[in-house]
Amino acid sequence: MEIASLLTSLGTSFLIFLVLLLAFSWLSKMQVNRVIYFPNKIVKGLDVSTKSCNPFAWIVEAWQATEDEIISLAGLDAAVYLIFITTALLIMVLSAGVCLPVLLPLSKTDENYKLTLEQAKNKTAASYDDFDKFAMGNIQKTSNRLWGFAVAAYWVSFVTYFLLWKTYNHVLQLRTREQASLESKPEQFVVLVRDIPPVPVGKTRKEQVDSFFRRLYPETFETSLIVTDISEAHKVWKKLEGYRKSLARAEVIFEKSKTVKNPEGMRPLHKTGILGLLGPKVDSIDFYNEKIKDFSAKLETKQKITLIEKQVAAAFIIFNSRPAAAAASQVVHSQIADRWTVMAATEPRQILWKNLAMPFYQRMIREKIIYIIVFLAIVFYLIPITFVSALTTLDNLRKLLPFLKPVVDNKALKSILEAYLPQLALLVFLAFLPTILMILSKAEGIPSESHAVRASSGKYFYFVVFNVFLGVTIGGTLFESLKAIEKQPNSIVTLLGNSLPPNATFFISFVALK
C-alpha cells in the first residue's frame, strides 16, 4: 500500500467519525430525543438542561466526570468499559511514543528492500511501496538495528502487561466496593439453582428445595421461586384477554348506539367464520361472554396442571443478606456434579427461560457439539476469507482480471481501492459472525443473555485470530508467492518472512475502517 492510499483511508475514516460526532450532537440536543440520550438522568430526577444538551458540552462533561459519577448514572459496566478504553489508549500512546521516534528512522534509513529488488529475478514478487520502507522488513539481515525492534517488543509487552495488571486490580476494587455498597439490587440477594434431583415421594418441588436450602442456610434462607413452564397456560390466557378486549369493544359500540330515538340501542353482531366474513351471525356481547366463561375455566384448569406437572428442575433461591447469596453462588452443594448446580442470578430480563429446563448432560453434549461446529466454521470460514483477501489486492486483480487495468491504474481510484477494497471484503464476511455466534452460544444451554454474550465474544476472538490475522497475512502471502514456493519449497519460511511485513498496512486500514 502506498502512503497516499493509507492517508486516504485514515482521512476518510476520520471524516466519517466527525460526521457521526456532529449527528450525535445534533440529535442529542433535540427535546424529543432526551429520553433516549439521557434516560438515567431523567429517571433519577436530575436536570437535563440546555447545558447538558449543548452540541459539544457533553464532551467536556464526559472528560470531567469522575468514576463515582459514571457508576451512579450509568452503572459499573459503563465505568469498566471506559477504563478499558482508557487503558487501550494509554498502551497505544506509551508504545507509540517510544517506538515511533526510534523504529521509523531505523527502518527508513536502511536499504534491505532496495538491495532485494536489485538482486531478485522475479521483479513483480520483489516490488515494494514507499510505506513498506518504514517496516522492519527494510532492515538487512544480521544488522544491529534489529536490536531496536527486539527492545521495542519487550517494551510494548511490559507496558501492556503492567497496565492490564493495574487495570484488573482497579476494576476488582470497584467491583468489591460496588458489592459492599449500601445501595443494593434485588438480584444480589438471589441465586439460581439448576439440575435439581427428582422430587421425593410425598413432597412437592417447592418443599424439596426449601428443605434442602433451609438445612444448609437456616438463618439466611428466605424463600424459593420454582421455575415453571407456563407456555400452555399463557396461550389460554392470551386468548382469554383477546375475548375480554373484544367484549369491551362490543359494549362500547352498544352504548354508542343508544340514542334519544332508539334508547335501547342496537346490539353488535358479527360472523364467527374466517376473518368475520363467513359463518352464522351471532350477538357479539353474548358470544364473548360465553367464550370468557369457557376460557376462564380452561385457564384455571391449566394453571392447576402447570403447577403440578410443568415445574422444571430449576429455581431461584432468595436470601435475606447479600453475603449469604454471594457465598452460596460459589459453594459446591453436591458431591455429584450433575445435581444442585448453583450460580449467581442475573436480572430477570437477562434470563434465557427456555434454557433453564435443560438437563446437565444435555448441556455438556450441546457444548461439545457447538465447539466442534465453531472449529469447523473457523476452518471453512478461513477458505473464503483467504481467497477473497488474496484476490482483492490490486496486483492480483490486475493479473486475474485484465479488463480492470484502466481502473486499477488510475491514480485517484487506485488510492481509494487500496485503502478500502481488502478491508471491506473482510468486514462483509465478519458482519454475519456476531449473530451466528450468539445463536450458537444460546444453543449451549447458557442461562442468561450476558453469559451468552461473553461466550460468543470468546468465540469471536478465535475467529479474529485465526481468520483475520492468520488468514489474511499468511493466506495472502502464500497466494502471492505460490510460484516461488513451487520452485523452492524449502524457502517457504524465508519467503513468508520477506512478504509478511508489508501486510502491516492492511491492519492499520482495517482498524481505522472498523
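**View 1. Asp195 in its loop.** Asp195 sits in the loop that runs between strand E1 (190-194) and helix H9 (205-216). Helices (H or I, at least four residues) and strands (E, at least two) are DSSP runs, numbered from the N terminus. The model is predicted, so local features need pLDDT of at least 70 and side-chain atom pairs count only at pLDDT 80 or more, while totals for chains, interfaces and linings use all residues. Residues are numbered from 1 along each chain as its sequence is written, and side-chain values use heavy atoms, with hydrogens and water left out. Asp195 is not a glycine, yet its phi is positive, near 60°. Most residues other than glycine have a negative phi. With a relative accessible area of 8%, Asp195 is buried; buried means under 20% relative accessible area, exposed over 50%, and partly exposed in between (1.4 Å probe, protein chains only).

View 2. Trp340 lies in the loop between helix H12 (322-328) and strand E6 (341-344). Its phi is positive at about 55°, although Trp340 is not a glycine. Trp340 is buried, with a relative accessible area of 9%. Ring pairs link Trp340 with Phe212, Phe213, Tyr217, Phe221 and Phe319 into a cluster. Rings of Phe, Tyr and Trp (its six-membered ring) pair if their centres lie within 6.5 Å; planes under 30 degrees apart count as stacked, over 60 as edge-to-face and the rest as tilted.

**View 3. Two aromatic pairs.** The structure holds 16 aromatic pairs. One of them is the stacked pair of Phe158 and Phe162, at 5.9 Å centre to centre and 15° between the planes. Both residues belong to helix H8 (residues 146-180), and because they are 4 residues apart, about one helical turn separates Phe158 and Phe162. Phe158 counts as exposed at 52% relative accessibility, while Phe162 is partly exposed at 38%. Phe461 and Tyr462 form an edge-to-face pair, with 5.7 Å centre to centre and 70° between the planes. Tyr462 is partly exposed, with a relative accessible area of 46%.

**View 4. Asp283 and its contacts.** Asp283 is placed in strand E4 (residues 281-283). It counts as buried because its relative accessibility is 17%. The side chain of Asp283 reaches the backbone nitrogen of Ile285 at 3.0 Å and the backbone nitrogen of Asp286 at 3.0 Å. Not counting residues up to four places away in sequence, Asp283 touches Arg267, Pro268 and Leu269; contact means heavy atoms within 4.5 Å.

**View 5. The largest cavity.** Leu192, Met343, Ala344, Ala345, Thr346, Ile351, Pro447, Ser448 and His451 line the largest cavity. On a 1 Å grid over the protein atoms alone, a cavity is a set of points where a 1.4 Å probe fits but cannot get out, and lining residues have an atom within 4 Å of a point. The cavity has a volume of about 40 Å³, volume being the space filled by probe spheres set on the points. Its lining divides into 6 nonpolar, 3 polar and no charged residues. Ala, Val, Leu, Ile, Met, Phe, Trp, Tyr, Cys and Pro count as nonpolar, Asp, Glu, Lys and Arg as charged, and the others, Gly among them, as polar.

**View 6. The whole protein.** The protein has 22 helices and 6 strands. Of its 514 residues, 33% count as buried.

Conventions: 1 Å grid on protein atoms, 1.4 Å probe; cavity = no way out; pocket = protein on both sides within 12 Å on 5 of 7 lines; lining within 4 Å. Polar contact = N/O pair within 3.5 Å; in protein donor to acceptor, adjacent residues only side chain to side chain.
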